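User: I would like to learn how to read the sheets in a structure. Could you take me through it step by step?

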Amino acid sequence: MNPVVSFYLCFLGFLPTMLNAQPVRITSLLSEYASNPIGLPAAQPVRLCWKIASSEKDVLQTAYEIKVSAGGRSVWNSSKVPSGQSVHVQYKGPALQPRTRYAWQVRIWDNHGHVSKWSPVNYWETGLDDHDWSASWITPSYPDSTEGPVPHFRKTFTIGKNISSARLYITAHGLYEAWINGRRVGDAFFTPGWTNYRQRLQYQVYDVTPLLTAGPNTVAAIVGDGWYRGPSYRDKKNIYGHTSGLLFQLEITFTDNTRQTIVSDDTWRSADGPIRYSEFFNGECYDAQKERTGWLSPGYDDTQWTPVKIGTADPAARLIASIAPLVKKHEVFKPLSILKTPKGETVIDFGQNLVGWVRFRTSGHKGDTIMLRHGEVLDPNGNFYTANLRSALQTITYIAKGTDNEWFEPHFTFQGFRYVKVEGPLDLRNVEAIALYSDMDVTGDFSTSDTLINQLQHNIQWGQKGNFIDIPTDCPQRDERLGWTGDAQAFSATATFNMNVAAFYAKWLADLRSEQLPDGAVPYVIPNVLRPKDNASAGWSDVATIAPWNIYLAYGDTAILRDQYASMKAWVGYIRAHTVENLWNTGDHFGDWLFYTPGDADDDGRAAITDKHLIAQTFYAHSTQLLINAARVLGRTEDVREYTTLLQKIRDAFMDEYTTRKGRLVSGSQTAYVLALQFDMLPENLRAQAAARLVQNIKDYGNHLTTGFLGTPYLCHVLTRFGYNDVAYMLLMQQTYPSWLYPVKKGATTIWERWDGIRPDGSLQQANMNSFNHYAYGAIGDWMYKVIAGINPVDTAPGYKKILLTPRPGGGLSYARAHLETLYGSVSSSWTYTNGRFTLDVDIPPNTTAILVLPGKNERYQLGSGTYHYDYTWSP
């Protein structure tokens, strides 16, 4: 059947249903990527997004109208604006005022002559300006150190009027949890989050109106060490300060329009409590015998508590509104099984390597101690194993008070684990594991006919969940947990498929800007707690250009390029200043981190080692190209000209230094050829032979990959681009070491740091660097979405305003399905291939268009929004 005819038959089948539907309507309103956000910065113009739902096909918005009000009064009406823009539409009314809720609605016109009804009313609310803070920093009056205990703060006050609304503005030097009248404020954890506290400290805003009451009220908080002063990499402590502190400002508006403000000041009182310590690496010790019953409520006698001390703020650290998704609770796991190890240990297997904590119902006699130790894997003999945690204890200690019968969970710590060793009197029927990660919307889904590939996708998603806890970390379990830039750039494209990471990355990249050195060097980790003198490395520091561009492609957000442009330019400038005749052959580099090394079996010269300066030169070119791309988007024509000229010089220098006349590279590794081809380092006439050399290298290694952190993200993309899609599939489907499916066959539920975290003989890799939750190699997910399912952004119409659909079956798969929830709506691609017959179903959201390239067809189909079906005979 002709595929075009097949589509029309499918579409006509849905016509009766569509005729009964509303022609066009508005859904999913967002302000700065959030639904009804509270606490947006007043000084920053707000950008608005909406989706269009329609019962018709080929729908494009032709105009919009936005109206904004505050306090029941009109603030701004855009009037009818002829435009197809429905994402990142900037508010252009009068300057926003702090502490103000703005209600907004939108309606649109489409190309079929329809006008939508006004959307439901949504809102955004602004936070405080710098001069609006009247609260003081408070600290406990007793000696306060990283050894614990966690300080408790409280204050009681009276409300004598009818309440209209109440907002709490709060932050901490450390991490806070707060309560009003015994009820917890918000559902987030590890607030205020991790930023470059030396310059940027986030605060959160909460609507606490329902928590207050007429008469006596009590506000309370505890503050843990967190990232501010708790142990960090290599046991560094007090990185940002030596004293924990609380900043608390509660503003209550009454029905008569008067206001009462309760602030942290010298009228508060402090004491210690049951949390003897709580920090990320070592866990928490909770002594229930030291609980202060009733301290969260009015009427509690705090005369034995001591007055707080007034602390000081870091004069260089600005309080900033929190715009990124906060860490919250997500999936809950019941024990998969209870094990008795050969050593006699009682171990709970939750069936999933997750990041979060264990929640349990307390029991026991006074003084009984329950200890939970957390680990990712069992050792080869089936015993509990924690050597790969290095110095991190990952232990929860609970001391019972004798009258316990309540659920307990930790406070200022998280663990990376699948297995939990239990010591002490704990009823294992009352135990569950809770996953914690930044509250990003899940946007992508991918599945195939192959269960191993599906498990790989599962592992990629859980690697992202476990390592996206406020910042993108390398690992969530050992004594590290840092924002390593190489991992973050390698995975950034894949991350945009699985979840909406726009605001998450925007926050982290703002810290990158603030941490970038005056000469343009980008630190190894962000936030920078390592702080070496010269800490720039190829493929790591290039996150300064790679991540902003990938975010721009996925979300069409020019603001990320505008905000990061100076940083991008400074990074290229740093490299340029460290080159000799356009060669970046200086400095220390991590290289193709954790590439495959076969040892003695590699004595015939087919080494997988790649010259670090060759790698550096390719990333110099790549960052320069991305800077050119950003300059073109932002209209910086002079920079486009300057860096285009520079780029050619970089490539010429690469050819002179690292290639023979016929195109052979001085490093014959897969990574060398992958990077040279991916970043167009070779002239057109030498690319085919280079791709052939890459394929031969793969065959020489028995159809296995040998790439590390820097080569892996691009390996299959290069093979597909140069006509070796079958080889790309072969690598994906490979089940023996080294491969993506080898860990799956070994029972992995997340992505591993090493290709052989568990060796083929069952032994474990060296314990000093063997994380079993490390997302970098999960970068293959980008290829799975873009090639197998065929869902691609188009850089000239980013954010999936235009979609390139290029599904490429292979690998013996009989079907593949994927969907991606873009800012415009859902894009989906679902194909089957059985007995020589190929079918494809795709969905294109309203206000977008697509280009479809069908397997085995030379035509490029131009598609508007709607649902399409194709069915034809095809032989690869």
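Analyst: Keep in mind that this is a predicted model. Strand 40 (residues 826-834) and strand 41 (residues 837-844) run antiparallel and are joined by seven bridges.

User: What holds strands together in general?

Analyst: Strands of a sheet pair through backbone hydrogen bonds, and the pairing is either parallel or antiparallel.

User: Which residue of strand 41 stands opposite Ser 828?

Analyst: Asp 843 of strand 41 is opposite Ser 828.

User: What is the order of strands in the open sheet of five strands?

Analyst: The order is 34-39-40-41-44, and the pairing is antiparallel. Strand 34 (444-448) and strand 44 (866-873) are the edge strands, each pairing on one side only. From one strand to the next, the twist averages 5°.

User: Which strands does helix 16 touch?

Analyst: Helix 16 (residues 780-789) packs on the sheet and touches strand 34, strand 39 (815-821) and strand 40. The direction of helix 16 makes about 65° with that of strand 34.

User: How do I read the open sheet of six strands?

Analyst: Read the order again: 14-13-17-11-20-23, with antiparallel pairing. Then look at the edges. Strand 14 (183-184) and strand 23 (306-307) each have a single partner strand, so one side of each has no neighbour in the sheet.

User: How many bridges join strand 20 to strand 23?

Analyst: Two bridges join strand 20 (residues 269-271) to strand 23, and these strands run antiparallel. Arg 269 has Pro 307 in strand 23 as its bridge partner.

Conventions:
Residues are numbered from 1 along each chain as its sequence is written. This is a predicted model: local features need pLDDT of at least 70, side-chain atom pairs count only at pLDDT 80 or more; totals for chains, interfaces and linings use all residues. Side-chain values use heavy atoms; hydrogens and water are left out. Two strands pair if DSSP finds at least two bridges between them. Helices (H or I, at least four residues) and strands (E, at least two) are DSSP runs, numbered from the N terminus. Axes are lines fitted to C-alpha atoms, for helices over the stretch in contact, and angles run from 0 to 180 degrees between N-to-C directions. Contact means heavy atoms within 4.5 Å.
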